[in-house]
Amino acid sequence: MDRNGQAELRVGWVDAAKGICIIFVVMMHSTMGVGIAMGGEGFMHDIVAFARPFRMPDFFLLSGLFLGLVIDRPWLRYVDRKVVHFLYFYVLWLSIHFLFKAPGMAMESGIAYPLGEYAYAFVQPFGALWFIYILPLFFLFTRLVRTLPVWFVFVWAAALEIMPVHTGWVLFDEFCARYVYFFVGYAFAQNIFHLADWMGNHRKTALAFLAGWAVVNGLLVFTPAPEALAFLIPAGGEATGATGGLSELPLISLLLGLAGAVAVVAVASLVAGHDWSGWLSWLGAHSIVIYLAFFIPMAATRVVLVRSGLVGDVGLVSLIVTLAAIAGPVLLYLAIQKTGWGKFLFERPDWAWIDRSGRTGPATARQPAE
């Protein structure tokens, strides 16, 4: 249901595309964590590296697709739906994260350390939750610049992405690196929908494009950048599967991000609507649920497998941890829907709204995370 109690129109290929993205995001966190814990790499690291140029760009592009439908709402309603909504889930899941992490932090560094880290997380987004943190800023910023020429904002945002910005402040760095994709999703939504329809109706051409794109993307990812240009590659990318390849150089990263986003749209348009792909669309429709909750089953499964030594192959352990990290939130969500307990984990409760206009009854008392 949408915020006004009316059935929300879902677009099949969009859900499928979100499903692809959330799988790659969970895969990245699971695989890199296993690699660190086991001191090695496996076949899953290659998949993570291949997906790095387009994994988050496409997620942000999809996040901006439907913004044009609501961007002119009254300010109070806009802030409630696009800022307070995500703020609620950020604070909630940040607190849950720290319930698990605080005891270990306190034992190592004293009771004041986790409290300081918790407070600092409102300035420097914590872990994977940075996506939830930055989305409201994208929504607010786009509202403020919506009257400017599209070409001007696009060129400006593209320039930010091209510049090798790495200050260490996650919020600033990720804004520079990701906003262009969010804006493309917002400003060129109609073009993207037309492209998806065209791809779905021209399957052979779409498959040919995907084959060519996969070769080019792979070559640029796994071909090392010249040492003379290494200074242009932002530092710290190893934690997300960076290889130091040509794909990470300025301009190439932008072009690969956009091309990869088109590729995900193409794949989604080809698979959406088939009975066998229903699970993928379901994951996409609940992608934020998975994004919020995957860390608990991911960490638990990794600890069990690594400490037990039941599986010695890094790639296989990474695959198992990825599957568990996706299945965990799904099972938790289904259990909550079945029992009615814990709905506040994935649905914004009544008290967390600041705009109550347009709400017609009990069905609207909660707002789903996705």
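A patch here is built from residues with over 30% relative accessible area and no salt bridge, joining like charges within 9 Å and nonpolar side chains (Val, Leu, Ile, Met, Phe, Trp, Tyr) within 5 Å. Accessible areas come from the Shrake-Rupley method with a 1.4 Å probe, and for residues only the protein chains shown count as cover. A salt bridge means a side-chain nitrogen of Lys or Arg within 4 Å of a carboxyl oxygen of Asp or Glu.

Keep in mind that this is a predicted model, where local features need pLDDT of at least 70, side-chain atom pairs count only at pLDDT 80 or more, and totals for chains, interfaces and linings use all residues. Residues are numbered from 1 along each chain as its sequence is written, and side-chain values use heavy atoms, with hydrogens and water left out.

**The nonpolar patch**

Phe-43, Ile-47, Leu-316, Leu-319, Ile-320 and Leu-323 make up a nonpolar patch on the surface, and together they have about 470 Å² of accessible area. Helix H2 (43-51) and helix H15 (314-339) each put in at least two residues, with H15 giving the largest share, 4 residues. Helices (H or I, at least four residues) and strands (E, at least two) are DSSP runs, numbered from the N terminus.

**Helix H9**

Helix H9 covers residues 189-201, and its 13 residues should span 18 Å at 1.5 Å a residue; the end C-alpha atoms are 19 Å apart, which agrees. That expected span is 1.5 Å times one less than the number of residues. Ala-189, Ile-192, Phe-193, Ala-196 and Met-199 are buried in H9. Looking down the axis, these buried residues fall within an arc of 125 degrees, so they line one face of the helix. The arc is taken from the directions from the helix axis to the C-beta atoms. Gln-190, His-194 and Asn-201 sit exposed on the other side of H9. For the cut-offs, buried is under 20% relative accessible area, exposed is over 50%, and partly exposed is in between (1.4 Å probe, protein chains only). The cover over the buried residues includes helices H1 (12-38), H3 (55-64), H8 (170-187), H10 (203-222) and H11 (252-271); contact means heavy atoms within 4.5 Å.

**Salt bridges**

Searching the whole structure turns up 6 salt bridges. Here are some of them:

| Pair | Closest N and O atoms |
|---|---|
| Arg-146 and Asp-72 | 2.9 Å |
| Asp-80 and Arg-348 | 3.0 Å |
| Glu-174 and Arg-178 | 3.0 Å |

Asp-80 is in helix H4 and Arg-348 in strand S1 (residues 347-348), so this pair ties together parts 268 residues apart in sequence. Asp-80 is buried at 0% relative accessible area, and Arg-348 is buried at 0% too. Glu-174 and Arg-178 both lie in helix H8, 4 residues apart, or about one turn of the helix. Salt bridges that share partners also join Arg-77, Asp-80, Arg-81, Arg-348 and Asp-355 into one network.

**Two loop residues**

Leu-251, in the loop between H10 and H11, has a positive phi of about 75 degrees although it is not a glycine. Most residues other than glycine have a negative phi. Gln-124 is in the loop between helix H5 (112-120) and helix H6 (130-145), and counts as buried at 16% relative accessibility.
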